[in-house]
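Biologist: Please take a close look at one part of this model. Then connect that part to the rest of the chain.

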Amino acid sequence: MVGMTEADALNIVAVRVVETADRDRAIWTDADRAWASHAAAAAIGESGASDQFVAQRARLALERLHERVACLPGALRALAWRPWVGTVIIAAAFAAGLLADRVGSAQRINVLAPPVLLLLIWNLLVYLALFAAPMLGDTARRNIDPLRRLVTHLGTGLRRMRSRHQAGASAPWVATIAVDWARMAAPLYQARAARILHLAAAALALGVIAGLYLRGMVLEYRASWESTFLDPAAVQTLLAIVLAPGAGLGGMRLPDLERIAAMRVPGSENAAPWLHLLALTMLAWVVLPRLLLAVVAAWRERRRVRALSMPLEQPYFRRLLRGFHVAPNPVQVVPYAYTPTPAAVAGLEILLARLVGGTASVRIATPAAYGDDDDSSLEDLSAEPGPIVLLFNLAATPEREAHCAFAIAATARASAAQPLLVLVDETSFKARAGDDPQRVEQRRAAWRDLLRAAHVVPAFVDLATPDLTSADAAMDAALFAPVT
């Protein structure tokens with residue numbers, strides 16, 4: 001796994017979907033793919049890191065794909081996060097708090113039910129939900145956090161992309177890009193939405209505080225209380241609990257019992273000290289905790305950006321990394337006891353170029369003689385990195401002392417730098433057997449059984465007329481899936 005930037009990850013996801021979906025190479029040809037790999041390798045150098053190569057290749061590929069697929073640039077812009085969304089949400093929250101013009105009925109504040117009471121209760125419930133979230137399942141967490149989902153949808157075009165696809169998109173794989181990116185970016189976007197919401201909650205509280213002071217400068221508010229069940233002593237105790245964080249933050253003394261009793265309706269007093277206490281309480285209960293939670297969410301967001309990764313062990317990325325060469329990728333082919341036809345050689349060169357993910361320099365050695373047991377054909381191979389391909393003929397009857405012995409010798413020579421690929425050419429056998437799938441499969445099974453002793457899995461391909469998609473998959477499996 002390898003880390004990368006958010007923009008790089010989205011680019012790679014898009015290019016991977018296009019290259020995987022465009023099986024007929026109608027939009028993105030083999031020549032385009034080889035060019036992208038060669039240009040990326042040349043740009044960063046062969047000593048560069050794998051993640052740099054994959055990211056640079058995606059950037060170069062998209063520059064060319066944008067010219068061919070009209071909807072692709074807009075699709076990627078829609079899927080990328082919009083930084084301004086967070087700014088707008090936070091600014092709107094502050095404005096909403098500032099414009100909340102109802103401080104108290106008839107300019108009177110009931111200290112038992114202050115105008116900020118709902119704000120305090122809401123934030124306390126949020127803290128309780130955050131505390132309980134680790135004990136809940138994923139579905140329950142999603143259900144109790146609709147605001148985070150809303151921010152995610154506002155910040156990205158995931159919902160719009162799905163709707164557009166359902167209505168009929170100009171490129172059918174655009175929705176696949178959206179799905180793949182949503183799956184990869186979901187943890188990051190959740191952390192980002194959490195950070196924005198914490199900052200918005202702090203901004204809302206700050207807006208309310210600013211509004212309290214602005215209106216208090218031009219209007220006189222009176223503070224009082226009334227209750228059917230509570231006496232002054234109980235009110236003093238309750239206020240001491242609720243307002244203690246604000247009083248401690250501002251170094252203020254809470255009203256004594258005599259003062260509380262004097263404020264009971266119809267009594268009252270100037271509300272300035274109470275506005276200070278309410279503002280400090282919101283700072284203590286809302287602003288400071290939310291800012292702390294925003295810092296934690298920002299830390300998680302940065303970690304998840306760094307954790308964006310691609311599964312480089314998958315065949316698609318293994319194929320790309322085999323094309324991580326400035327010069328053409330060397331591939332050495334050793335036919336055994338037969339000479340492939342020109343049509344088979346042409347098909348083989350096309351398949352090997354696709355196998356290495358770039359331009360291939362295919363060198364076909366002199367065919368090894370049947371029964372050659374000194375392995376001279378293998379000894380003559382170059383030591384330069386690149387796949388070694390053993391080429392057998394399906395028309396030949398597989399023999400342990402000949403074909404299997406040669407494959408065992410090649411397996412002993414193979415390494416990480418020179419992986420082994422065993423290809424069995426079906427061209428002449430199909431020409432002789434005709435359209436008889438049963439005979440073809442019987443012969444394939446005989447070759448599989450024989451080569452199992454060499455711990456290799458062969459790929460069966462009609463080199464004269466190869467089915468490129470199935471051949472790609474077969475060759476990838478044969479190159480990286482030895483029998484153990």
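Modeller: Ala 337 is partly exposed, at 40% relative accessibility. That class runs between the two cut-offs: buried is under 20% relative accessible area, exposed is over 50% (1.4 Å probe, protein chains only). Ala 337 sits in the loop between β6 (329–335) and α15 (342–356). Helices (H or I, at least four residues) and strands (E, at least two) are DSSP runs, numbered from the N terminus.

The model is predicted: local features need pLDDT of at least 70, side-chain atom pairs count only at pLDDT 80 or more, and totals for chains, interfaces and linings use all residues. Residues are numbered from 1 along each chain as its sequence is written, and side-chain values use heavy atoms, with hydrogens and water left out.

Back to the backbone. Phi of Ala 337 is near 60 degrees, a positive value in a residue other than glycine. His 455 also has a phi near 60 degrees, again positive and again not in a glycine. His 455 belongs to the loop between α19 (437–452) and β10 (459–461). With a relative accessible area of 45%, His 455 is partly exposed. One peptide bond also deserves a look. From Val 265 to Pro 266 the bond is cis, with omega near 15 degrees. Pro 266 is placed in the loop between α12 (257–262) and β4 (269–270). For context, most residues other than glycine have a negative phi, and most peptide bonds are trans.

Now the charged pairs. The structure holds 22 salt bridges. Each is a side-chain nitrogen of Lys or Arg within 4 Å of a carboxyl oxygen of Asp or Glu. Glu 6 and Arg 192 form one of them, at 2.8 Å, N to O. This pair links distant parts of the chain: Glu 6 is in helix α1, Arg 192 in helix α10, 186 residues apart. Glu 6 counts as buried at 16% relative accessibility. Arg 192 is buried too, at 7%.

Arg 68 and Asp 32 meet in another salt bridge, at 2.5 Å, N to O. Arg 68 lies in helix α3 and Asp 32 in helix α2, so the pair ties together parts 36 residues apart in sequence. Arg 68 is partly exposed at 41%. Asp 32 is buried at 6%.

Asp 180 and Arg 183 make a local pair: their closest N and O atoms are 3.3 Å apart, and the two residues are three places apart in helix α10, about one helical turn. Asp 180 is buried at 18%. Arg 183 is exposed at 56%. Elsewhere, salt bridges that share partners join Arg 25, Asp 30, Arg 319, Arg 354, Asp 472 and Asp 476 into one network.

Last, the interior. A nonpolar core is a set of buried Ala, Val, Leu, Ile, Met, Phe, Trp, Tyr and Cys residues joined through side-chain atoms within 4.5 Å. The largest has 53 residues; Ile 12, Leu 72, Trp 173, Ile 177, Trp 181, Met 310 and Phe 317 touch the most other members. Helices that each supply at least two residues include α1 (6–21), α3 (50–68), α10 (174–218) and α14 (315–322). Helix α10 gives the largest share, 13 residues. Leu 72 touches Leu 62, Leu 65, His 66, Trp 173 and Ile 177, not counting residues up to four places away in sequence. Contact here means heavy atoms within 4.5 Å. Apart from this core lies another, of 28 residues, among them Leu 120, Leu 212, Ala 247 and Leu 278.
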